[in-house]
Amino acid sequence: MEEIGNLFQGFATVIQPFNIVLMFVGIILGVLIGVLPGLGGANGVAILLPLTFSMSPTSAIILLSCIYWGALFGGAITSILFNIPGEPWSVATTFDGYPMAQQGKAGEALTAAFTSSFVGALFAVIMITLVAPLVAAFALRFGPAEKFGVYFLAFCSFIGMSKEPPFKTLAAMMLGFALASVGLDQVTGQLRLTFGFTHLLTGFDFLIAVIGLFGIGEILLTMEEGLAFRGNKAKMDLKVVLKTWKELPKYWMLSLRSCLIGCWMGITPAGATPASFMSYGIAKRISKRGKNFGNGEIEGVIAPETAAHAAGTAALLPMLSLGVPGSPTAAVLLGGLLIWGLQPGPMLFIENKEFVWGLIASMYIGNIVGLIVVLTCVPLLAAILRVPFSIIAPLILVLCAIGAYSVNNSTFDVVMMMVFGVAGYFLKKTNYPLAPLVLAIVLGSKAEEAFRQSLLSSQGSLSIFWSNALVGTIMGLGLIALFWSAISNVWSRVRGPATA
Amino acid sequence: MKHPIRNFTYSAVAAVAATMMIAPASAQKWEPTRPVEFIIPAGTGGGADIMARTIQGIVTKHNLMKQPMVVINKAGGAGGEGFLDVKGSANNPHKIIITLSNLFTTPLATGIPFNWKDLTPVAMLALDEFVLWVNAEKPYKNVKEFIDAAKAANGTFKMGGTGSKQEDQIITEAVQKSTGVKFTYIPFRGGGEVAVQLVGNHVDSTVNNPNEAVAQWRAGKVRPLCVFDNKPLPYKEQIADGKSWADIPTCKSQGLNMDYLMLRGIFMSPKATPDQVNYYVDLFKKVRETPEWKDLMNTGAFNQTFMTGAEYTKWVENEEKRHRDLMKEAGFLASN
């Protein structure tokens, strides 16, 4: 096996004291970046990119990719502790992670999140090692129609799964679509729904909406309930890690399924966000305890985190082999490669073997380093919740405002965040689910774009969505997911009388 | 907040230094006193982004500026966000912006309140070329065979490009006008994505920049048919199947009457003084001398024209007029 030989050479490159130090620095920086909402991994990597020009490309990519892993790990922390997702793909982690933290199980939730992140990433790296060329060819089959199919599947696997009435879910999702359509229409190049107001040119940034809806909305709700002193039962020792680890192996099937979803989404490249939502939606449907999802179920943390991390890792493959980044952070790394004189594309694996296998080896070791760093922090992080709410709430507010500001360096965004916060409060009070709204804001414009690109290439015929086996299968799965509750209803009615 | 004591120390040191060194001219020259913001009116990973980040790296590595350079992407509204930001920063000499053709196309297509005259021109760094690409599996080897195939397809031939009503679509319109062939133009978000859609056969042709498609060309996945310039490119280094950039014929010589180059230039905030403009002109002259910059020019097969001052302003003026005409003909102008 030539690949294995190359990989071991890669390990030899990576295990140099300087590179190991860079890994620790990168992971710690990455976790900090992931914790600060707004300052996402892409920004962090972009800021540090110029610092790396004095290093060898291999050392530089190790530092930057470790920041990337760190940010992926770090995104889960604020989601679980404060219900504020630092990154788009940690939104689904809040659904069960935050309730767990409220029940005093923050340590368990964090351990589960970090461990399943690690499992997802490891699975994706092994896949990259073994089948990289094959997988790259598969990614080429994804045109606009196939991409729309993937988004369609993500929306469908989500609809009807919430506890709220389907029409409230649908209403929330439509509101999200409406918000997503503000700004420049990518297909016609025209401005939409901006009413001549130049602040709206950029549309509604997902992060502003999420920080407002989840973070601020949550604080308002808690204040109404009289500054309840929550999470005081949080344990403060490392035993919680070992205890959770004993639990985790029994969810192997769930992990495997989430890994596969994640890898697929990362390669296509649809990215980590649809992966985490889709994985959560499917887990909820299949799990025996599915009805309890949303009330602090550990499976609801494992599913999205595994898939998000698998997707985040797999997204590097199309970047290296095709030159198409699967995530914003991968896009910045791509720029870095070009500056270092490396040309991402089919020839990179042939011409720059040392670099590619050094990077892949660093994914293995970087993730192990990452897991060690974040797990040792678990008791410390869980302890944050012991601070009284009246002290921590203002701090969260400040953190949210800084986060919202740093997305576009605009004070208007801070105002928007407050507006979203109030809207989030009222939506929660009236039992409208926030998740579909957020999902639609994140993926709405991408789905719309893919849909219209498909129709352009088919001269307006909808048959393009069934024009080959690949897209047909994805769309079919989507339709089954959409009507699943109806189908299972009919099924049980048909079966019901027969057994009775 | 200023620290009076430290300020005093600085001015004392400066006074001593000024009397000791007989260089009064350099003492008066303007220099950045705060970090310089370098705005990119486009997303991460695109051509402008790569160029700006390379410049930032060069400036940092070679210590060309005492203050740090901070790169910020403001891509919203097809770059309108970035342009309006610099427009609103009059009298702030610590803000510069790199431009692409959206300097003209965005305000013309969307009607946002912006014109390049709102900014202060600094320098043209280079011009980006455009090449007509097809998938290497396709039988057509030259422009004529390609156009014949497109004609036979009767309007269903798909041209992929970056953005809507921007440079790629303007070129497509011009090709249509010159040949009478109708294409279906499909806009994507970035040049890299367009190149992969071509390799995956989801579109039939593209007008990617050299930088965006070169990796696929080297792997033998795509084939260049012609370059939209008046003369062939000067780069003779072999890239794929024994061919170099210099071997690609011009589109004009192949009967496609269109030439188009995209500005990669620098502007700064309104109301900048000549001193401030000169500082940045000098800075970019130094950047152009570095080996890293030359590498970038080589891999991207750029047209290395450099212009400043009145010459640059005149060039931009002409380009604006040309874009207005091209977009008017294509019906791309904002209705209001």
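Student: How many residues does the contact take from chain A and from chain B?
Tutor: In this predicted model, the contact takes 44 residues from chain A and 46 residues from chain B.

Student: Which elements of chain A each supply at least two residues of the side that touches chain B?
Tutor: They are α3 (41–48), β1 (183–184), α15 (328–339) and α20 (435–457) of chain A. The largest share comes from α15(A), with seven residues.

Student: And by class, what does that side of chain A have?
Tutor: It has 24 nonpolar and 19 polar residues, plus one charged residue.

Student: OK, staying in chain A. What should helix α12 span, and how far apart are its ends?
Tutor: Helix α12 of chain A covers residues 272–286, and at 1.5 Å a residue its 15 residues should span 21 Å. The end C-alpha atoms are 21 Å apart, which agrees.

Student: How many residues of α12(A) are buried?
Tutor: 13 of the 15, so α12(A) is largely enclosed by the rest of the structure.

Student: I'm looking at A:A283 there. Buried or exposed?
Tutor: A:A283, which sits in helix α12 of chain A, is buried, because it has 28 other C-beta atoms within 10 Å and 20 or more is enough to count.

Student: Leaving aside neighbours within four places in sequence, what is A:A283 in contact with?
Tutor: With A:L254, A:E299, A:G300 and A:A303. Take A:E299: it is 16 residues from A:A283 along the chain, and their C-alpha atoms are separated by 7.6 Å.

Student: Where is A:N83 found?
Tutor: In the loop between α4 (57–82) and α5 (91–102) of chain A. A:N83 is buried, with 23 other C-beta atoms within 10 Å.

Student: What about A:Q459, what's its phi?
Tutor: A:Q459 has a positive phi too, about 60°, although it is not a glycine. You'll find A:Q459 in the loop between α20 and α21 (469–482) of chain A.

Student: Is A:Q459 buried or exposed?
Tutor: Exposed: A:Q459 has 11 other C-beta atoms within 10 Å, and 12 or fewer puts a residue in that class.

Student: On to chain B. What's the strand order in the open sheet of six strands?
Tutor: The order is β2-β1-β3-β12-β4-β13 in chain B, and the pairing is mixed. At the edges stand β2 (69–73) and β13 (307–308) of chain B, each with a single partner strand, so one side of each has no neighbour in the sheet.

Student: In which sense do β1 and β3 of chain B pair?
Tutor: In the parallel sense, over three bridges, between β1 (residues 36–40) and β3 (residues 95–99) of chain B. B:E37 stands opposite B:K95 in β3(B).

Student: Which strands does helix α3 of chain B lie across?
Tutor: Helix α3 (residues 47–61) of chain B lies across β1, β2, β3, β4 (120–128) and β12 (262–268) of chain B, and it runs at about 170° to β2(B).

Student: How is chain B divided into domains?
Tutor: Domain 1 is 33–128 + 262–330 and domain 2 is 131–254. Their C-alpha centres lie 26 Å apart in chain B.

Terms used. Residues numbered from 1 in each chain as written. Chains lettered and ligands numbered in written order. Predicted model: local features only at pLDDT ≥ 70, side-chain atom pairs only at ≥ 80, totals over all residues. Contact = placed C-beta atoms within 7 Å. Helix = DSSP H or I, 4+ residues; strand = E, 2+ residues; numbered from the N terminus. Nonpolar A, V, L, I, M, F, W, Y, C, P; charged D, E, K, R; others polar. Expected span 1.5 Å × (residues − 1). Pairing = 2+ DSSP bridges. Axes fitted to C-alpha atoms, helices over the stretch in contact; angles between N-to-C directions. Domains from an automatic or database assignment.
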